[in-house]
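Dear colleague,

I am passing on the structure below, together with notes on what turned up when I went through it. Please look at it alongside the notes and keep the definitions in mind as you read.

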Amino acid sequence: MFRTISIVAFAVTVGCLALNCIISPCKECWRHPLRKMAHLFTLLLLEKKLSLMEILRKLVYLLALLCFVILAVTGFYPTIILGEHISGYLIIVHATFAPILAICLAVLAVMWARNCRFNLSDWPWFGRIVQRVTLVKSTGEETQRKSSGLGQKITFWLIIILALPLILSIILSMYTLFGTYWQELLLGIHRYTALVFALVGIVHTYLVIRTKMQE
Amino acid sequence: MLVLCLSAPIACLANEAIVAETDQKLLGDESDGSRAPSIHLIPLFAENEDGEKGGKITPDDDPLLPFSTRWTCGECHSYGIIGKGWHFNAADPNVTPGRPGQPWILADARTGIQIPLSYRPWPGTFKPEQVGFTAREFTRYFGRHTPGGAAGELETQDPDEIMRSYISGKLEINCLSCHNAEFAHNQGEYFPQLVRENFRWAAAATCEFASVSGSARDMIENYPTYDPFMPEPPEDAKKVPPTITYRKTAFDQDNNVSFNIVREVPNYRCYFCHSNLYIDKEDTEKWTSDEDIHLTAGLKCVDCHRNGVDHNITRGYEGEASVSTNPLVTTSSCESCHLGVKDSSLPVAGRLGAPVPKHPGIPPVHFEKLTCTACHSGPWPSEKTILTKTSRAHRLGTLNANKSKEALPHIVAPVFAKQAGIGAEYIGKLLLMEAGKIAPHKMIWPAYWATVENQNVAPIAFATVTEVIVPVFADVNRPTSGDWPELTAEHIVKGLKALAKSVKGTPVYISAGKLYKLDDSGTLSEEEHPSARPYLWPIAHDVRPAAQSLGIRYCTDCHATDGPFFFGDITVDSPIVAARETKKMIEFQDINPFYAWAFAFSFVFRPWMKIIALCSSAILAGVLLLYTLKMLACIAKVLTERD
């Protein structure tokens, strides 16, 4: 069941992203492709002169990305490809990188949350509803403000929200608090949360790359 | 009519009348529903010289014959149907062997032999005929811890054996060995009777109102024409023919006797053949250890191990349903009693008051990889396996049983190993059904003399080995404890050279997982060989309380870099001193040792991982809370601006 759902979910997500690329092609991305690729790989370090804090933040982001890829591969490979539970060396690798991702997410949450706050320019329709309800006159500033990447913001907060059940479901199962029924339930929560987390992570990464390459 | 035949050329299951069954049910084959015990005030019947039902026995008969269970108990219970039950059908090649069980072990310190035998085709065991044992000899050696039947009733076409059988009789199913609740029933008496080949008298000799003296074996060897139905005093006064004496007061005015027969077999009857003694401490007296938790809780063995008149008893292992026709088999395993049966139309969990286990903190993957017994049964694993004695292997409960801890055979336990498959079908070759889970086992390292022809290793007949090897090892010091003698390579060379003169093919010695043979230059060489692999059978009992199960303290009960579950030492047992070494449990678990070590090592960091993950979660939750509050504040501000 989970295997089927995972395969379908990954296929749909990748399909949607591909569709997005076709419908709304990134023209900038195809100019100077080599330079863009180099830019992509050094995306977060060499683009401009960075402060120590910014370097740290981007290093954490890269590390989180690496952990995300490793955890996704070790977690989903046995399930989707082999059709069995994670075991053997994969579980050792999985359990080794999981706490690193948890730390990275915590650091990123602290460092990036401020940048990812929503404002009314993200939601012009929401602003209009609020104005109608509250009868506050528009100053015109809100709609003029440039959007700072709604998709990235949404996926960022989704990642932060999903990270909680993702981490807690597996950590709590390691304590002698829950019996077999709850163990299985927690494992199920971990699996499905991980699936959604992975999909959101992919979309987030796609949006980040697209945005950065357009700059 | 169903005739069960052995693959052996001369043997065929006894008395066709036994297996000739009709649809007609006898009085005791089916209950009327009353749970009250049936009173057995019954006449005794002997078997006559034609193997048919004889006359009713009275204490004044001359000659006084032993009662026959076939004709006495068989009056009301279908003997032929009972004879197909698990305890009696080992010699039937058509019976599915199921999960490997405890073999009979032929052990002899004089010749350096301990070899697992079984009529059931469990891989790793040898058929009794492979060591030259006729059914009669097998019965004489091992019938002591059986409830009769099986090999004891096999017929032969060998005229000499037929004559012997006429004098000794057959070893009928001894119903009393299990169902006689009378405390004065002495099952230990079975052993001396079988040694004397008093097969016909053995069952009666164990009961509380009869005693048997004399020896059919003496008659067979000295007076081959002796007729037990018309006995004449032997010329040699020292040779006493088998004679039975009944306690006269046991007979009532109608010459009926009262048996205290119970349907639900008392535990102490099961214990006669199924006792285990784990030599895990200095003092192994019974009072220093507990029984199985189920018995302590008030259950009886037969509460779980049940059968109907067919005596097709449930063995209780996972997967038994695929090889058993017992209708209760699906609800008689650990899992089905404690957890219920999936897809059952009615709830069956909690039978017999079985608590539903919570298994807090145990990841469900453990239930896919381990049997229930892995954590709950047998002795707690220690750095090294311990020696174990069992009723059947060490003749426990019989006269002059060797009480020494080192007595042969050497069974080591607990060995945590991946289970061999369940023997599902035997058609020339055993078809094994994957079992796959890790379970605690008892293990025996076979040691025997054999010949090799075309890469096939065949044990040499025990009689030949005794005849050749005993004189060769005459100068070897044998411990009085019954332990192995301390053999050297030189002894093995001598033994092999001596055997080369007496047997066809190349003689070899199997021990400690290796095959020893002489090369062309006469030097002893050794090699790993499949025929030398140890034989393992799963431990089911004694079940420990939940509070003493593996993992109760922490994961490191098993997942430690030096944890005995994976890295405990298994004694490699051998009479050859130089071959005595150890192997690790993990070698029998089909798991990469480095992986097991690395996984166990990761548990060193497990507490750190938990702390990191919990702290990270707290920070994430804090950020979410903070920005949720900010969002609410923002909304509140907008609403306030309206006012």
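Phe594(B) is found in helix H20 of chain B, where helices (H or I, at least four residues) and strands (E, at least two) are DSSP runs numbered from the N terminus. This is a predicted model, in which local features need pLDDT of at least 70 and side-chain atom pairs count only at pLDDT 80 or more, while totals for chains, interfaces and linings use all residues. Residues are numbered from 1 along each chain as its sequence is written, chains are lettered from A and ligands numbered from 1 in the order in which they are written, and side-chain values use heavy atoms, with hydrogens and water left out.

Phe594(B) belongs to a nonpolar surface patch that also includes Tyr89(A), Trp597(B) and Trp608(B), with about 850 Å² of accessible area together. Such patches are made of residues with over 30% relative accessible area and no salt bridge, like charges being joined within 9 Å and nonpolar side chains (Val, Leu, Ile, Met, Phe, Trp, Tyr) within 5 Å; the areas come from the Shrake-Rupley method with a 1.4 Å probe, and for residues only the protein chains shown count as cover. A salt bridge here is a side-chain nitrogen of Lys or Arg within 4 Å of a carboxyl oxygen of Asp or Glu. H20(B) gives the most to the patch, with three residues, and helix H21 (606-642) of chain B also supplies at least two.

In chain A, the end C-alpha atoms of helix H3 (residues 52-82) are 44 Å apart, which agrees with the 45 Å that its 31 residues should span at 1.5 Å a residue (the expected span is 1.5 Å times one less than the number of residues). After H3(A) comes Gly83(A), whose phi is positive, near 70°.

Turning to the backbone of chain B, a cis peptide bond joins Asp62(B) and Pro63(B), with omega about 0°, and Pro63(B) lies in the loop between strand E4 (53-56) and helix H2 (69-72). The bond from Leu408(B) to Pro409(B) is also cis, with omega near -5°. Leu352(B), a residue other than glycine, has a positive phi near 60°.

With regards
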